[in-house]
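Take a look at the model below. We will walk through it step by step.

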Amino acid sequence: MADLQGIAENLIEGRAPQVAALVGGALAGEITPQTILNEGLMVGMDQVGRRFKANEIYIPEVLIAARAMHAGMDVLRPLLAKSGSPTVGRVVLGTVQGDRHDIGKNLVGMLLTGAGFEVTDIGVDAPADRFKEAVKEHKPHIVGISALLTTTMMGMSRTVDVLREAGISEGVKVIVGGAPVTAAYAEEIGADGYAADAASAVDLARQLVGFE
Ligand code: B1M
C-alpha cells in the first residue's frame, strides 16, 4: 500500500514531519494504527537496522531515523493507548543500565496502556536500584525490563537479584524482552516471563495479573 511504503521510506530518510503527516493521512484513510505500526513504521525501522548492521549507514542516520519513528509513534500514541477499561494492573517499565534504546520499550508501554495497565516508565539506562525504588514507590504487579544489546542483558539478571535481595519481589512478576533476549534467558535469570514483541507483552501481562 502506497501510504505505508511512503511512511517506511520517509522514516528511513529521517524525515520526521513527513512521517507524522503520512501517519495522519493513513489514519484518515482508515488504515488501522496497528497496520501503520507494523507495515509502515516497523518496516522502515527494520530496514534501518539492516543498513546499520551492514555499515551502510551510521549512528547519526540511525538517530535521525529513530526521531522520525518517534514522530510517527507520537501520532499513533493516543490511539494505541486509548482504553475504555479501568486499570488492569500497574507496571513499572524501563530499559536496563547501559542501554539507551527506547523505541521498543515505548511501544510496549503504549500497548500496555492501551490494554488498561497503568504504566510508570522509568526511562533508559536504568540501574537495578532505580527499578527497586520504583517498585517501592509504585507497588506494581509487573516489572518490565527491556534490553537491546547483548552486553546489557545481564542487567536484567542483576535487577531480578536486587528485587529479590530487597525482599520486594514477592507478588511482583518480572517480564523481559528486547531483540537479544530469549525465553531460555528469561528462565535462566528467574524472570516470570518473556515476550518477543509488544503485543505478546500485553498478552503475557494480562495472563500474569490473572486477567485471562
Ligand atoms: Co543500536 N543497536 N546501538 N541504536 N540499534 C541495535 C540494537 C543493533 C542490533 C544494530 C546492529 O548492529 N544490527 C546493535 C546491537 C548488537 C548486539 O548487541 N547484539 C546495536 C548497537 C551495537 C548499538 C551501539 C552499541 C552502537 C555504537 O555506539 N557503536 C549503540 C549503543 C547505545 C546504548 O544503548 N548505550 C547504539 C545506539 C543506537 C541509537 C542511539 C543510534 C539508536 C537508538 C535510538 C532509540 O532507541 N531512541 C539505535 C537503534 C535505533 C538501533 C536499531 C537500528 C533499531 C532498534 C529499534 O528501535 N527497533 C537496532 C537494530 C535492529 O533492531 N534492527 C540497533 C525497533 C523496535 C520497535 O524494536 O527495540 O526490538 P525492538 O523492540 C521490539 C521487541 O524487541 C520487543 O517489542 C518491541 C516491539 O515489538 N521488546 C520487548 C522490546 N522491549 C521489550 C520488553 C518487553 C517485551 C518485549 O517486556 C518488558
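This is a predicted model: local features need pLDDT of at least 70, side-chain atom pairs count only at pLDDT 80 or more; totals for chains, interfaces and linings use all residues.

Start with N55, which lies in the loop between α3 and α4. The phi of N55 is near 60°, a positive value in a residue other than glycine. Why point this out? Most residues other than glycine have a negative phi. D125 is another case: its phi is positive, about 55°, although D125 is not a glycine. Look for D125 in the loop between β2 (117–121) and α6 (128–138).

Now turn to the ligand. Which pocket holds the ligand? The ligand sits in the largest pocket. Where is that in terms of domains? Domain 1 (2–83) and domain 2 (89–208) both give residues to the shell around the ligand, so the ligand lies between them.

How many residues surround the ligand? There are 35, and the closest are G98, R100, H101, D102 and S146. By type, the shell divides into 20 nonpolar residues, 10 polar ones and five charged ones. Several helices and strands take part. The helices α3 (33–53), α4 (59–80), α5 (103–114) and α9 (198–208) each supply at least two residues of the shell. So do the strands β3 (142–146) and β4 (173–177).

H101 has its place in the loop between β1 (89–95) and α5.

A polar side-chain atom of D102 lies 2.7 Å from a nitrogen atom of the ligand. The backbone takes part too. At T150, a backbone N or O atom lies 2.9 Å from an oxygen atom of the ligand. At A198, a polar backbone atom is 3.2 Å from an oxygen atom of the ligand.

Conventions
Residues are numbered from 1 along each chain as its sequence is written. Side-chain values use heavy atoms; hydrogens and water are left out. A residue is near a molecule or strand if one of its heavy atoms lies within 4 Å of it. A polar contact is a pair of N or O atoms within 3.5 Å; within protein, one must be able to donate a hydrogen and the other to accept it, and residues adjacent in sequence count only if both atoms are side-chain atoms. On a 1 Å grid over the protein atoms alone, a cavity is a set of points where a 1.4 Å probe fits but cannot get out, and a pocket is an open set with protein on both sides within 12 Å along at least five of seven lines; lining residues have an atom within 4 Å of a point. A molecule sits in a cavity or pocket if more than half of its atoms lie within 2 Å of its grid points. Helices (H or I, at least four residues) and strands (E, at least two) are DSSP runs, numbered from the N terminus. Ala, Val, Leu, Ile, Met, Phe, Trp, Tyr, Cys and Pro count as nonpolar, Asp, Glu, Lys and Arg as charged, and the others, Gly among them, as polar. Domain bounds come from an automatic or database domain assignment.
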